[in-house]
Amino acid sequence: MKKRGLAENHDDEEEQQDRKMKRIRVEEEENEEENESGFVNLDENLLYEVLKHVDARTLGSAACVSKLWHRTVQDERLWELICTKHWANIGCPNQQLRSVVLALGGFRRLHSLYLWPLLKPQSSSSSSAAASSSSSSSLSSSSTASSSSSAWSPFPPMVSSKPPARWGKDEMQLSLSLLSIRYYEKMNFNSRGR
Amino acid sequence: MALELKSSDNKIFEVEELVAVQSETIKSLVEDGCADNVIPLPNVDSKTLELVLDWCKNHVDMKLDEEKLKEYEDKFIEVDQAVLYDLLLAANYLNIKDLLNRACQKVADMLKGKTPEQIRETLNIVNDFSPEEEEEIRKENLWAFEE
């Protein structure tokens, strides 16, 4: 008899605790709703305006946040801003550059394939070697690329010794050449299939 | 010349034209001759409009003192997320370029260096990707996470 009594009391206590927990949880949820700022409703246009001010890495991170953010980050204009930030004097009108780069695959690709590996802060020479090998492996799908990948490797050690200088015409033209080689490779691949 | 602006909660603000036309939206209304009566601003509440007008007034007053203006701007933008969001919307609606830029910069600073999860947490964004989609998108942007 006693045992059952104790068990009943125990159940009562548990019930009370459960109710308390539920109450606390509901209160917490209500508080959360109050603290929720409007940013959850940020539309594509305003998000674009905000993302114009972030750096490349944050932009890459932002692409993974949600479907809307991913869509917004795909906007070539954002990547054009990121790319041209590094180009001091490119020696040709922006409109001309824009049409060339867009025809060859866009600023976003240009950045992730050819600008980021060189421009990102190099922590050690081993990481720069890793960067050069990953970028050359993406190039080495055809014989034309293998010659360019050997020309590629001397670059990273130069960059790691000091903070990356602003790029000029030559570096820009090199990255555009690499982008067009990649474009050419993809063309070749498609025609081989026929 | 003074203009009258009405907020969404029906509060009337009297402002100098010189101050109000920092908003390109209001400037066009003035130029088109539509500003004789009270200008309704249904998208801006009085609390936000007061802040916005303070910004505009100080930008007229401190125009020649860059240092003082920068100090003002830095202090002005130190607000909580809810107010920041309202300022962002108002600056966009009223087309006030420097306020929009400053507010966007502030939000951008909140995002810098954060992982996607951290960004979601900061701004209360819901992750609407399926696990497969998320995996694919991460791969696409792997370079952003390398150290």
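B:D61 counts as exposed, at 53% relative accessibility (exposed means over 50% relative accessible area, buried under 20%, and partly exposed in between, with a 1.4 Å probe and protein chains only). Its partner is B:K57: the two form a salt bridge whose closest N and O atoms are 3.0 Å apart (a salt bridge being a side-chain nitrogen of Lys or Arg within 4 Å of a carboxyl oxygen of Asp or Glu). B:K57 counts as partly exposed, at 45% relative accessibility. Helices here are DSSP runs of H or I with at least four residues, strands are runs of E with at least two, and both are numbered from the N terminus.

Before going on, a word on the ground rules: this is a predicted model, so local features need pLDDT of at least 70 and side-chain atom pairs count only at pLDDT 80 or more, while totals for chains, interfaces and linings use all residues. Residues are numbered from 1 along each chain as its sequence is written, chains are lettered from A and ligands numbered from 1 in the order in which they are written, and side-chain values use heavy atoms, with hydrogens and water left out.

Back to the charged pairs. Over all chains, the structure holds 15 salt bridges. One of them links B:R138 and B:E117, with N to O at 2.3 Å. B:R138 belongs to helix α8 of chain B and B:E117 to helix α7 (residues 116-123) of chain B, so this pair ties together parts that are 21 residues apart in sequence. Both ends are partly exposed: B:R138 has 22% relative accessibility, and B:E117 has 36%. Elsewhere in chain B, salt bridges with shared partners join B:K70, B:E73, B:D74 and B:R102 into one network.

What about a link between the chains? Look at B:E133 and A:K67, whose side chains meet in a salt bridge at 3.9 Å, N to O. Here B:E133 comes from helix α8 (residues 131-140) of chain B and A:K67 from helix α4 (residues 67-73) of chain A, so the pair joins two chains. B:E133 is partly exposed, with a relative accessible area of 33%, and so is A:K67, at 37%.

Now for the sheet in chain B. Three strands make an open sheet in the order β2-β1-β3, with mixed pairing (two strands pair if DSSP finds at least two bridges between them). At the edges are β2 (12-16) and β3 (39-40) of chain B, each pairing on one side only. Strand β1 (residues 2-6) of chain B runs antiparallel to β2(B), and five bridges join them. Across that pairing, B:L3 stands opposite B:V15, and B:A2 faces B:E16. The hairpin of β1(B) and β2(B) has five residues between the strands, and there B:N10 takes a positive phi near 60 degrees. With β3(B), by contrast, β1(B) pairs in the parallel sense, over two bridges; B:K6 has B:P40 in β3(B) as its bridge partner.

In a regular strand, side chains alternate between the two faces of the sheet. You can follow this along β1(B): B:L3 and B:L5 are on the covered face, while B:A2, B:E4 and B:K6 are on the uncovered one.

Chain A is another story, with 11 helices and zero strands. Of its 194 residues, 37% count as buried. Two surface patches are worth a look. Patches are made of residues with over 30% relative accessible area and no salt bridge, joining like charges within 9 Å and nonpolar side chains (Val, Leu, Ile, Met, Phe, Trp, Tyr) within 5 Å; the areas come from the Shrake-Rupley method with a 1.4 Å probe, and for residues only the protein chains shown count as cover.

A:D12, A:E13, A:E14 and A:D18 gather in a surface patch of negative charge. Asp and Glu count as negative and Lys and Arg as positive, with His and the chain ends not counted. A:E13 is found in helix α1 (residues 2-35) of chain A. The other patch is nonpolar: A:Y183, A:Y184 and A:M187 make a surface of about 310 Å². Within that group, A:Y184 lies in helix α11 (residues 169-193) of chain A and counts as partly exposed, at 42% relative accessibility.

Terms used: The place of a charge is taken as NZ of Lys, CZ of Arg, CG of Asp or CD of Glu.
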